[in-house]
Amino acid sequence: MTIGTERKGGPGEVDAEIASTALPPSRGHLPRWTPWAGLAGTAVVVGVVLAVTGFNTALFLVATAVVYAVCMYVLSRVVEGRRKATDRLVTIVVTSAFLVALAPLVSVVFTVVKNGLARFDVEFFTYSMRGVVGEGGGAYHALMGTLIITSLAALMSIPVGLMTAIYLVEYGKGRLARAITFFVDVMTGIPSIVAGLFAYALFAIFFGPGIRMGFAGSVALCVLMIPVVVRATEEMLKIVPNELREAAYALGVPKWRTILKVVLPTSIAGIASGVTLAIARVIGETAPLLIAVGITTGVNLNPFDGRMATLPVFAYYQYVAPGVPREPYIDRAWTAALLLIIIVMVLNLVARLIARMFAPKTAGR
């Protein structure tokens, strides 16, 4: 009795038959130089057309991207098939979106570097603005003020943020933990000027109206920095495997010692990187320092006595209240902005270096 039809042929013949029925017929492939040649040809054609009708850079870029995407899709559809054509179209769209997002950053960096190099000299880093009218002077007092105020803010924010994150991950349960999480989320989204108003109101209670000092600016930056540190540390602590904690508990290690010797060393790379990025985030704040610290033309290295200058506020005043002639003030503002960008870039590089140095070493490394 025969249950089914007998399949003839060896295993190789059967596999070939299945492959021939499952896969679509093979299509051709465009040469590797086709996308670049198509882009160049599209740019030339669009440029010629716009040169006749009236050239516009933005219109040229948009038209080139659209025409190039359509032409490449049609050409790939004819030669390679629908799936490959769709893949090329999506690649073009994603690449165009990336370039659009990158354009403002490149434009800002290029503009700041171009205009800021005019006063990027020794005098800018060694002189203050006391007694300077017009050309000359520098931002030594603002640079020192920025470093002092930001360092004090970091010294206050990092321990509070670390311990808050440890409590939320390792100990926090119930209403208190939910309330802390809620307020951290709220603090993450508050405008920076609100932090400045809070610091000013707080110090005005004790020292009277009109108080301006560097420490008040540190408190304002602390309000902005703490939620960033909490969030960064909390996420790093959460990714530590529970097996490490359980192994320590099985050996009789107390919980506080497990956190200190196991959890924190495992996540120290991410924590250090997050803290460094939090410092970079607040070092360029202007509004809270404008309210709580103010500005001065001389060097003041005491954050508890009088006004201090900071780079963001220095650049702001050089731009909005220039003297005559106007050009030296604008040049100093651009150079202060360039110096801020360099500091933030250095902090980001330090964060990456710290993450690489303190990352847990594996057997293969």
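Trainee: How do you know at what angle α6 and helix α9 (residues 214-238) pack?

Mentor: The two helices pack at an angle of about 35°, with their axes 6 Å apart, where axes are lines fitted to C-alpha atoms, for helices over the stretch in contact, and angles run from 0 to 180 degrees between N-to-C directions. This is a predicted model, in which local features need pLDDT of at least 70, side-chain atom pairs count only at pLDDT 80 or more, and totals for chains, interfaces and linings use all residues. Residues are numbered from 1 along each chain as its sequence is written, and side-chain values use heavy atoms, leaving out hydrogens and water.

Trainee: Why is Ser-273 called buried?

Mentor: Buried means under 20% relative accessible area, exposed over 50%, and partly exposed in between, with a 1.4 Å probe and protein chains only. Ser-273 has a relative accessible area of 16%, and therefore counts as buried. Ser-273 lies in helix α11 (residues 255-282), a helix being a DSSP run of H or I with at least four residues, numbered from the N terminus.

Trainee: Which residues does Ser-273 touch, not counting those up to four places away in sequence?

Mentor: Ser-273 touches Ala-351 and Ala-355, where contact means heavy atoms within 4.5 Å.

Trainee: What makes Arg-352 buried or exposed?

Mentor: The relative accessibility of Arg-352 is 65%, so this residue counts as exposed.
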